[in-house]
Amino acid sequence: MQSDAERLDVIYQLYEGYRASAFAGVPDVEVANLLAGTASEYLLLDVRKTGERVVSTIANAISVEDFEREPEPFTGRKLVVYCTIGFRSGRYAGKLRAEGLNAANLRGGILAWAHARGELEDPQGLKTRRVHVYGKPWNLLPDGYEAVW
């Protein structure tokens, strides 16, 4: 059984491997830096599929579909893109940067967010500790959280 610290190390090792091979030029943002900022400084974009988002999202995040449907209200804000661990979001942040937008990837994704005890909410806006992961090998959540797949 791994400790929370060991699980977080695995998350960051996986993330760095993905970053090197799939989105090396995309800047990332540490969860701690994001938590220390103010909501008006950034916009969290969740690129996960609907089935993942119905389990939980980071509080105040919007789906990529909502962003793409109406991006104008978010002009000038730093876009911080996330997924489960950072692979899909890193690729999407790279696409946004190629379009000239100020986008970065959340290092370690929603898994790292959970380790920092950032707020998660369900579709009704209620706090939750449930997170969608791909399967048992991806259950790198900290103690006290429930993995769903």
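Modeller: Helices and strands here are DSSP runs, numbered from the N terminus: a helix is H or I over at least four residues, and a strand is E over at least two. This is a predicted model, in which local features need pLDDT of at least 70 and side-chain atom pairs count only at pLDDT 80 or more, while totals for chains, interfaces and linings use all residues. Residues are numbered from 1 along each chain as its sequence is written, and side-chain values use heavy atoms, with hydrogens and water left out.

Biologist: How many helices and strands are there in the protein?

Modeller: The protein has six helices and nine strands.

Biologist: What does the radius of gyration say about the protein?

Modeller: The radius is taken over C-alpha atoms, and the globule rule is 2.2 Å times the number of residues to the power 0.38. For 149 residues a compact globule would come out near 15 Å; the protein has 14 Å, so the two agree. Along the principal axes, its C-alpha atoms fill a box of roughly 45 × 35 × 30 Å.

Biologist: What share of the residues is buried?

Modeller: A residue is buried under 20% relative accessible area, exposed over 50%, and partly exposed in between, with a 1.4 Å probe and protein chains only. In the protein, 46% of the 149 residues are buried. For the surface itself, accessible areas come from the Shrake-Rupley method with a 1.4 Å probe, and for residues only the protein chains shown count as cover. The protein exposes about 7,600 Å², and 51% of that comes from carbon and sulfur atoms.

Biologist: How far apart are the mean positions of the positive and negative charges?

Modeller: Lys and Arg count as positive, Asp and Glu as negative, and His and the chain ends are not counted. Each charge is placed at NZ of Lys, CZ of Arg, CG of Asp or CD of Glu. There are 18 positive and 20 negative charges, and their mean positions lie 3 Å apart.

Biologist: What share of the contacts joins residues 24 or more positions apart?

Modeller: A contact means heavy atoms within 4.5 Å. Of the contacts in the protein with a separation of 6 or more, 67% are between residues 24 or more positions apart.

Biologist: Which residues touch the most other members of the largest nonpolar core?

Modeller: In soluble globular proteins, nonpolar side chains tend to be buried together. A nonpolar core is a set of buried Ala, Val, Leu, Ile, Met, Phe, Trp, Tyr and Cys residues joined through side-chain atoms within 4.5 Å. The largest one has 25 residues, and Leu-34, Ile-58, Leu-106 and Leu-141 touch the most other members. At least two residues of this core come from each of α1 (4-22), α2 (31-36), β2 (42-46), β5 (78-82), β6 (103-106) and α6 (109-115). Helix α6 gives the most, with five residues. Another core of 17 residues lies apart from it, with Val-47, Ile-62, Val-64 and Cys-83 among them.

Biologist: What does Ile-58 touch, not counting residues up to four places away in sequence?

Modeller: Ile-58 touches Leu-44, Tyr-82, Leu-106, Ile-110, Trp-113, Glu-119 and Leu-120 on that count.

Biologist: Tyr-15 next: buried or exposed?

Modeller: Tyr-15 lies in helix α1 and counts as buried because its relative accessibility is 0%. Not counting residues up to four places away in sequence, Tyr-15 touches Phe-23, Asp-28, Ile-85, Gly-86, Asn-105, Leu-106, Arg-107 and Gly-108.

Biologist: What is phi of Asn-60, and what is phi of Arg-117?

Modeller: Most residues other than glycine have a negative phi. Phi of Asn-60 is near 75 degrees, a positive value, and phi of Arg-117 is near 65 degrees, also positive. Asn-60 is in the loop between β3 (57-58) and β4 (62-63), and counts as exposed because its relative accessibility is 64%. Arg-117 is in the loop between α6 and β7 (120-121); with a relative accessible area of 40%, Arg-117 is partly exposed.

Biologist: Where is Gly-118 found?

Modeller: Gly-118 is in the loop between α6 and β7. At 5% relative accessibility Gly-118 counts as buried, and it touches Leu-35, Trp-113 and Tyr-145, not counting residues up to four places away in sequence.

Biologist: And Gly-100: buried or exposed?

Modeller: Gly-100, in the loop between α5 (87-98) and β6, counts as exposed at 67% relative accessibility. The C-alpha atoms of Gly-100 and Arg-117, 17 residues apart along the chain, are separated by 32 Å.
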